[in-house]
Amino acid sequence: MQPFKQHTGVVLPMDRPDVDTDQIIPKQFLKRIERTGFGRFLFFDWRFRDDGSDNPDFELNCPRYAGATILLARRNFGCGSSREHAPWALGDYGFRVVIAPSFGDIFYNNCLKNGMLPIRLDGAAVDDLFRRVTAHGATAHGTATHEQYRLTIDLEQLTIADEHSLSLSFQLDPFRRQCLLEGLDDIALTLEREEKIAAYEKARGIEVQGSGT
């Protein structure tokens with residue numbers, strides 16, 4: 001799992017509550033056996049028209065948010081069924097951070113287990129971020145050039161900042177924070193205790209399949 005210490009990225013605002021996991025990655029794509037390649041199916045039903053062309057009204061297709069790696073959302077993001085494919089799809093597309101007032105519990109934990117940082121902020125702080133995206137990501141000087149609003153997330157300091165004097169703090173469980181900082185998923189955490197596991201198995205005469213003993 002890629003360690004997460006500090007990240008600066010373009011913010012994509014998704015101004016709708018209760019975005020569920022079936023919208024994040026529709027069920028017809030869950031038959032894939034790989035953990036990669038889900039990014040092209042992210043928000044599929046909203047992102048594409050019936051004929052397969054891009055829906056120009058959907059956020060991911062807006063040039064202003066091209067290359068976004070921070071998703072700004074509303075309450076209860078990631079609710080619905082417990083599919084780990086949802087953070088896989090977000091991560092494969094390029095998102096590293098999701099900010100919202102609240103999350104579906106299983107989605108929240110799946111993000112942390114897959115190297116993505118979900119940040120809970122109160123409603124007023126999220127409202128302010130949406131305003132900042134609009135104010136600082138507007139068309140530049142009346143031209144066709146689009147400015148992009150960026151945030152810097154510092155996991156070591158637990159802070160959020162922008163280029164316009166914003167400074168916020170957020171909270172995260174210390175254990176999960178350390179796992180992200182070190183890039184440790186559940187398998188890596190288990191392998192850190194490999195010697196103790198091997199000693200336990202040896203002491204009890206447990207034969208590990210494929211060990212050749």
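**Close-up views of a predicted model**

View 1. Leucine 71 stands opposite valine 98 in E3. Strand E2, spanning residues 70-73, runs parallel to E3, and three bridges join the two.

**View 2. Side chains of strand E3.** In strand E3 (residues 97-100), Val97 and Ile99 point one way while Val98 and Ala100 point the other way, and all are buried. In a regular strand, side chains alternate between the two faces of the sheet.

**View 3. Pairing of strands E3 and E4.** Strand E4, residues 117-120, pairs with E3 in the parallel sense over four bridges, and within this pairing alanine 100 stands opposite arginine 120 in E4.

**View 4. The salt bridge between arginine 16 and glutamate 59.** The closest N and O atoms of arginine 16 and glutamate 59 are 3.0 Å apart, and the two residues form a salt bridge. Because arginine 16 belongs to the loop between strand E1 (6-14) and helix H1 (21-24), and glutamate 59 to the loop between helix H2 (44-47) and E2, the pair ties together parts that are 43 residues apart in sequence. Arginine 16 is partly exposed, at 25% relative accessible area, whereas glutamate 59 counts as buried, at 13%.

**View 5. The salt bridge between aspartate 18 and arginine 75.** Aspartate 18 and arginine 75 form a salt bridge in which the closest N and O atoms lie 4.0 Å apart. This pair links distant parts of the chain, 57 residues apart, with aspartate 18 in the loop between E1 and H1 and arginine 75 in the loop between E2 and H3. Aspartate 18 is partly exposed, with 37% relative accessibility, and arginine 75 is partly exposed, with a relative accessible area of 49%.

View 6. Salt bridges link Asp128, Arg131, Arg132 and Asp162 in a network. Within it, aspartate 128 forms a salt bridge with arginine 131, their closest N and O atoms being 3.8 Å apart. These two residues are separated by about one helical turn, because they are three residues apart in helix H5 (residues 123-136). Aspartate 128 is partly exposed, at 25% relative accessible area, while arginine 131 is exposed, at 52%.

Notes
Residues are numbered from 1 along each chain as its sequence is written. This is a predicted model: local features need pLDDT of at least 70, side-chain atom pairs count only at pLDDT 80 or more; totals for chains, interfaces and linings use all residues. Side-chain values use heavy atoms; hydrogens and water are left out. Buried means under 20% relative accessible area, exposed over 50%, partly exposed in between (1.4 Å probe, protein chains only). Two strands pair if DSSP finds at least two bridges between them. A salt bridge is a side-chain nitrogen of Lys or Arg within 4 Å of a carboxyl oxygen of Asp or Glu.
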